[in-house]
Amino acid sequence: MLPLKEKDKPVVQKLLSAGCCARCVLRFCCVSVQAAYRKPHQETLKELQAFIGNTENGKSQDPVAADSTEENNKSHDATVPEPADDPPSKRAKLELSGTEAPSEGDAAEQKLTEEPSVCVVCLGILQELCGTTQAVKIAEKVKAEKYEFETLVLSVSLPAQLCVREHSCWLHVKKELREKSMAVDKDDVVQVKEAFKWVLQGLVAKEIGGVAVVARSLFEISVGFTHKETDADCHFLATACADCFRPTKNKQSVFTRMAVVKALEKISDTKFLTHFACPPAKPTSSCSSQDVQCLHQCVFVAGRYNKYSRSLPQTPWVIDGERRMESSVEELIAESVLSSFRSEGFNFSSSGREDVDVRTLGTGRPFAMELLNPHRCNLSRAEMKLLQETINNSSDKIKVRDLQIVSREAMGKMKEGEEDKTKSYTALIWTLKPIQSDDIAFINDIKDLTLDQKTPLRVLHRRALAVRPRVVHSMKTRFLDSHHFYLEMRTQAGTYIKEFVHGDFGRTKPNLCELLNTDTDILELDVESVDVDWPPSIPE
């Protein structure tokens, strides 16, 4: 039985007469029992017809009252006997059907018992588009995409004009509700989107193979509908509530669902009714379903990389539309990762970056990849180890370690206190003046040297002009010959090492040129360590 009450009868009758489908009738009666919507809509319609069956033309047809009326009629007309096998009401109806057109009341009753065509409110979405046939189509699309997932959630995109039609129908029953002293707010009406999901989510999950349906899932199936025939239903709002509709560059239409909802909240009932029919006009066709879209939330993969080449950028190096290097660190890593997770794209980030001619040695630099719409999401530890080996065997320019799947929240740890972390470097230094070992020995005693570094000229095109204080915590020299020595440094993260060495035309102060009182330059630079304790190390 449907969870309806006696006071719902006039509303049900009014909605069915207006051309609402059975499920929309339940929505306007604020039925929130999901099982009621999961019945076939034809079956629900029959139950609604049975529910209002003792109401005809708005008058009570209580059985007791009907018997009493019949007895009174017989007492007043005793001279006209009727055959026992053919009561007067039945004979009258039979004769009428053969000789005269049905009355207005009979036409209304017949109208209620007919199967409605396309619903005037949901435009067919809660009718044939909300059943097993539609669920099978959606499931076939999902299976073809070959996603791996354990739970799912269904999202629905509806035409904006449904809001207008729903508002019209609400006004249509509003007076009836008020007369029955029914304290019902428009917000109490069950949304089309919710009713659709109540019916279809379970059917889709069953067709896919019994996957659990949850309120929030990493895997989302998106279903959209359009209805060209009624696209113009919203247009009057652009004049009536012009301030709600503002053209934007990225939107094909100003009649977005949010804009229409906002306009309907502002417009008065009287003004609305002067522009739009109440109840809505009957459509001749149902909505058209758009392509089913599947989307898995991002998976995050982290690790550390070593770079052994002095001609390999961290990311693709493109200047004025022209590529300068054939590959990059991120591309060498991403190729195998994308293939293993069957991901449609990625975003790469790391704890700092090195120049194209700088090597990264030691335990490597932490990095993370955000994998977009991956079709696989749960690789075992053995599979991740195999993926790491695949990357390492693909090129001698890089190596990765500690490759693992991490959470979105853990990604933030890579950037936490980034400028407070330290990094260690080894630089090969050239001096213009000849030097001896004793000439550079004093550098070993310098501790926590504060630099003022104006944005270097070489990165000024992509970084804001500013003076950034940075600290060189310690330095150690190794004499090589009269014009060369190695300088080992431990610095605050974000220190520009090259600019500290050659001074960058005085933009970094103090600098090595000033300390040694001669021109100096950097010939080679290696990152020895990035002191970020993330991601967790994985034993070999």
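Reader: At what angle do helix 14 (residues 329–341) and helix 15 (residues 381–394) pack, and how far apart are their axes?

Author: Helix 14 and helix 15 pack at about 145°, and their axes are 9 Å apart. The model is predicted, so local features need pLDDT of at least 70 and side-chain atom pairs pLDDT 80 or more, while totals for chains, interfaces and linings use all residues. Residues are numbered from 1 along each chain as its sequence is written, and side-chain values use heavy atoms, leaving out hydrogens and water.

Reader: Why is the crossing of helix 14 and helix 15 called right-handed?

Author: Right-handed means that the near helix is turned clockwise from the far one by less than a right angle. Helix 14 passes helix 15 in that way.

Reader: Which residues of helix 14 and helix 15 meet?

Author: L332, I333, S336, V337, S340 and F341 of helix 14 meet M384, L387, T390, I391 and S394 of helix 15, with contact meaning heavy atoms within 4.5 Å. This contact has 7 nonpolar, 4 polar and no charged residues.

Reader: At what angle do the axes of helix 1 (residues 9–18) and helix 4 (residues 41–51) cross, and what does that make helix 1 relative to helix 4?

Author: These axes come within 10 Å and cross at roughly 125°. Under 35 degrees is roughly parallel, over 145 roughly antiparallel, 65 to 115 roughly perpendicular and the rest oblique, so helix 1 is oblique to helix 4. The contact is made by K9, V12 and L16 of helix 1 and L45, L48 and F51 of helix 4. Its residues divide into 5 nonpolar, no polar and 1 charged.

Reader: What is the volume of the largest pocket, and how many residues line it?

Author: The volume of the largest pocket is about 1,100 Å³, and 38 residues line the pocket. R353, E354, D355, R462 and Y496 lie nearest its centre. By class, the lining has 15 nonpolar, 8 polar and 15 charged residues. Elements that each supply at least two lining residues include strand 12 (358–372) and helix 18 (497–502).

Reader: How do you know that the peptide bond from C278 to P279 is cis?

Author: Its omega is near 5°. P279 is in the loop between helix 13 (269–275) and strand 6 (288–289). The bond from W534 to P535 is cis as well, with omega near -5°, and P535 is in the segment after strand 19.

Reader: What is the phi of R342, and where does R342 lie?

Author: R342 has a positive phi of about 50° although it is not a glycine. R342 lies in the loop between helix 14 and strand 11. Most residues other than glycine have a negative phi, and most peptide bonds are trans.

Methods: Axes are lines fitted to C-alpha atoms, for helices over the stretch in contact, and angles run from 0 to 180 degrees between N-to-C directions. Helices (H or I, at least four residues) and strands (E, at least two) are DSSP runs, numbered from the N terminus. Ala, Val, Leu, Ile, Met, Phe, Trp, Tyr, Cys and Pro count as nonpolar, Asp, Glu, Lys and Arg as charged, and the others, Gly among them, as polar. On a 1 Å grid over the protein atoms alone, a cavity is a set of points where a 1.4 Å probe fits but cannot get out, and a pocket is an open set with protein on both sides within 12 Å along at least five of seven lines; lining residues have an atom within 4 Å of a point. Grid points are joined across faces, edges and corners, and a volume is the space filled by probe spheres set on the points.
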